[in-house]
Amino acid sequence: MTSALFDLTGKTALVTGSHRGLGFAMARELGRAGARVVISSNEPAGCEAARREIADEGVDVLSIPCDVGVDAELDRLVAETEAGFGPIDILVCNAGINPHFGSLTEATDDEYDAIMRINLRSVVQLCNRVIPGMAKRKDGAVILTSSLSGLRGNGKIGVYALSKAAIAQLARNYAVEFGPDNVRVNAISPGLIDTEFSKPMTGNPDILAPRILKTPLRRVGKPEDIAGAAVYLASPAGAFVTGHNLVVDGGTVIGD
Ligand SMILES: NC(=O)c1ccc[n+]([C@@H]2O[C@H](COP(=O)([O-])OP(=O)(O)OC[C@H]3O[C@@H](n4cnc5c(N)ncnc54)[C@H](OP(=O)(O)O)[C@@H]3O)[C@@H](O)[C@H]2O)c1
């Protein structure tokens, strides 16, 4: 039996970037806690595979592929989610990219624009389409995937870190504006988690070994390590938490 504190029965959750990685783990766990779940990413086949895997566990789940960088696609994503499952109670803005790894001075304009468009602008656009409805209903939980990189100076993924620092600020801004309407908005800042996205780091021993040594729990994270944090922030257990940036990093940021 699920504790009432973590029970999401009757809630509708939309999770972007959820055909794999952190998004998939969060979507699956929100479903296991009782929510109806919408899986979404660029890739229709990947979304459908993820949908089937979660549906096999008995979760009510839809796949709605969408490029979050295109505003009309976001309109469709919201409309189809509401048509399928009703109003969105839980929004997880998780889709993210990092096409530039290297000096900040060498990031091209195209790379900068792509990072900001997907990691930041799309989040503002989607939140602006969903949060006002939550505010009217006086209930909503929004979770934005930020990053540990947004909390520290960074020599290799500087543009990405800039976009993720802005995401934590965005959570605080929305939290202040919509807290009076009982809409809670929080960020999660994962440390290094083993996914496709992090392969340039996890696949490079010169980066991985020192990172693990500086991480008190002495390991890379798993997507499941982030999923529980999402359930907590979405559920009654997190009812008094808003504007927070929850760091889930095995202790990397507090290490010596
Ligand atoms: N892994 C880490 O160490 C780590 C650490 C801190 C923060 N993060 C953040 O966590 C989030 C998830 O990353 P992950 O590690 O799980 O990586 P991932 O496996 O590469 O997942 C990224 C997801 O975002 C989707 N996506 C990318 N561009 C999109 C677009 N234009 N429209 C719709 N969906 C799009 C991808 O779908 P498609 O393949 O279909 O494009 C994929 O489902 C990202 O925001 C990332 O910045 C990751």
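A residue counts as buried when its relative accessible area is under 20%, and as exposed when that value is over 50%. Keep this cut-off in mind while walking through the model, which is a predicted one.

Start at helix α1, which runs over residues 21-32. This helix is mostly covered, with nine of its twelve residues buried. The buried set consists of L22, G23, F24, A25, M26, A27, R28, L30 and G31. After α1 comes G34, and its phi is positive, near 115°.

Move on to helix α4, residues 109-137, where Q125 sits. Is Q125 buried or exposed? Its relative accessible area is 18%. The limit for buried is under 20%, so Q125 is buried. The side chain of Q125 makes a polar contact of 2.8 Å with the side chain of R129. In an α-helix there are 3.6 residues a turn, so residues three or four places apart point the same way. Leaving aside residues up to four places away in sequence, Q125 touches D71 and L74.

Last, look at G179. This residue lies in the loop between α5 (158-178) and β6 (183-190). How far apart in space are G179 and A234? From C-alpha to C-alpha, 14 Å separates G179 from A234, while in sequence they are 55 residues apart.

Key:
Residues are numbered from 1 along each chain as its sequence is written. This is a predicted model: local features need pLDDT of at least 70, side-chain atom pairs count only at pLDDT 80 or more; totals for chains, interfaces and linings use all residues. Side-chain values use heavy atoms; hydrogens and water are left out. Helices (H or I, at least four residues) and strands (E, at least two) are DSSP runs, numbered from the N terminus. The expected span of a helix is 1.5 Å times one less than its number of residues. Buried means under 20% relative accessible area, exposed over 50%, partly exposed in between (1.4 Å probe, protein chains only). A polar contact is a pair of N or O atoms within 3.5 Å; within protein, one must be able to donate a hydrogen and the other to accept it, and residues adjacent in sequence count only if both atoms are side-chain atoms. Contact means heavy atoms within 4.5 Å.
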